[in-house]
Structure formats: structure tokens, C-alpha cells
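Subject: Structure handover

Hello,

Here is the structure I promised to pass on. My notes on it follow below.

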Amino acid sequence: MKKIEAIIQPFKLYEVMDALNEIGIHGMTVTEVKGFGRQKGHIEVYRGSEFEVRLIPKVKIETVVPASLLEKVIATISEKAKTGKIGDGKIFVSSLEDVMRIRTGEKGELAI
Ligand SMILES: Nc1ncnc2c1ncn2[C@@H]1O[C@H](COP(=O)(O)OP(=O)(O)OP(=O)(O)O)[C@@H](O)[C@H]1O
Ligand SMILES: [Mg+2]
């Protein structure tokens, strides 16, 4: 299993969520976050206005998927989240050891 953490622009959230739903992603966690990348201290556009801040609002999508779906998920997120401008975000991938679905006690891929 793989855990994908995608940091994206907030206005892209629903487009990305809809596309992930279409490829059969069954669960995700979405969090409002703030962060910075390489342009720290430089101007980035947020909600149509340019401003200089050290922490820019972003959205983090976390989803755990079978390893076989990984490439499809990355392609979907990157295609939908991309504007081509700075601040489009990043996708972090890690291996996940185990999952338990609390109600049923199922573990591993059955629990996703
Ligand atoms: N190395 C990192 N570790 C953890 N979070 C990061 C890292 N780089 C970026 N982020 C997160 O992703 C968000 C978006 O990053 P961003 O897209 O600006 O990266 P970048 O490397 O500056 O690329 P770009 O040049 O396209 O802007 C940041 O606000 C931060 O929340
Ligand atoms: Mg940046």
C-alpha cells in the first residue's frame, strides 16, 4: 500500500476530488494547511491577488491506495492540480505498513 500526500492549491480541491472519485478512490482526508516552497518570501498569487507572505494557504489530500493504483492516482492529481504557475504544489509518496478498518477488523488492502 502507498500513502499519497498531495499539497495543492485550495481552488483545485473539488476538481481533484471528483477525478479521484472517478478512478475509484474510496477514502481520503483533506486538511487546510499552510506552507512554503522554493519561492519563500517571494510573491505568490492567492485568490486572485498577489501578496507577499511567508506561509501560503494550501490544501492537503491524504489517500492510501493499493500500490497498483499509485501511478494512476499521481497522474490524476497532477493533471487536475496543474496550472503551470508557481505554487501548484507537490505530491509526496510513502509506503504504508498497515491499515485497520475499525468496524470490521479487516486489515491491509481489504481495509482501504
Ligand atoms: N520539501 C517540502 N516539504 C514539505 N512540504 C513542502 C515541500 N515543498 C513544498 N511543500 C508544500 O507544498 C506547497 C506548495 O509548494 P510549491 O508548489 O510552491 O513548491 P515549489 O518547490 O516552490 O514549486 P514551484 O516552483 O512550482 O512553486 C508549500 O506551500 C508547502 O506546503
Ligand atoms: Mg513555490
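The backbone oxygen of Gly-27 lies 2.8 Å from a polar atom of the Thr-63 side chain. That is a polar contact: a pair of N or O atoms within 3.5 Å, where within protein one must be able to donate a hydrogen and the other to accept it, and residues adjacent in sequence count only if both atoms are side-chain atoms.

Before going on, the ground rules. This is a predicted model, in which local features need pLDDT of at least 70 and side-chain atom pairs count only at pLDDT 80 or more, while totals for chains, interfaces and linings use all residues. Residues are numbered from 1 along each chain as its sequence is written, chains are lettered from A and ligands numbered from 1 in the order in which they are written, and side-chain values use heavy atoms, with hydrogens and water left out.

Thr-63 belongs to strand β5. Helices (H or I, at least four residues) and strands (E, at least two) are DSSP runs, numbered from the N terminus. Thr-63 is buried, at a relative accessible area of 1%. Buried means under 20% relative accessible area, exposed means over 50%, and partly exposed is in between (1.4 Å probe, protein chains only).

Strand β5 spans residues 56–65, and eight of its 10 residues are buried, so β5 is largely enclosed by the rest of the structure.

**The sheet**

First, the chain as a whole. It has two helices and six strands. Along the sequence they follow the pattern β-α-β-β-β-β-α-β. Of the 112 residues, 29% count as buried.

Four strands form an open sheet, in the order β2-β5-β1-β6, with antiparallel pairing. The edge strands are β2 and β6, each pairing on one side only. On average, neighbouring strands of this sheet are turned by 20° against each other, direction ignored. For that angle, axes are lines fitted to C-alpha atoms (for helices, over the stretch in contact), and angles run from 0 to 180 degrees between N-to-C directions.

Two strands pair if DSSP finds at least two bridges between them. The pairings look like this:

- β1 (residues 2–8) and β5 run antiparallel, joined by seven bridges. Lys-3 stands opposite Val-64 in β5, Ile-4 opposite Thr-63, and Ile-7 opposite Lys-60.
- β2 (residues 29–35) and β5 are also antiparallel, over seven bridges. Glu-32 has Val-59 as its bridge partner in β5.
- β1 and β6 pair in the antiparallel sense over seven bridges. Here Ile-4 has Val-93 as its bridge partner in β6.

**Ligand 1**Which residues come nearest to ligand 1? Of the 13 residues around it, they are Arg-38, Gln-39, Gly-87, Gly-89 and Lys-90. A residue is near a molecule or strand if one of its heavy atoms lies within 4 Å of it.

By class, this shell has four nonpolar, five polar and four charged residues. Ala, Val, Leu, Ile, Met, Phe, Trp, Tyr, Cys and Pro count as nonpolar, Asp, Glu, Lys and Arg as charged, and the others, Gly among them, as polar. Strand β6 (residues 89–95) gives the largest share of the shell, three residues.

Oxygen atoms of ligand 1 have these polar contacts with the backbone:

- Gly-87: 2.7 Å from a backbone N or O atom.
- Phe-36: 3.1 Å from a polar backbone atom.
- Gly-35: 3.2 Å from a backbone N or O atom.

The protein covers 70% of the 610 Å² of accessible area that ligand 1 has on its own. Accessible areas come from the Shrake-Rupley method with a 1.4 Å probe; for residues, only the protein chains shown count as cover.

**Two loop residues**

Phe-36 sits in the loop between β2 and β3 (44–46). Is Phe-36 buried or exposed? It is exposed, with a relative accessible area of 55%. The C-alpha atoms of Phe-36 and Gly-89 are separated by 9.4 Å, and the two residues are 53 apart along the chain.

Ser-68 is in the loop between β5 and α2 (70–81). Ser-68 is exposed, with a relative accessible area of 71%. Its C-alpha atom is 8.4 Å from that of Met-1, a residue 67 positions away along the chain.

Best regards
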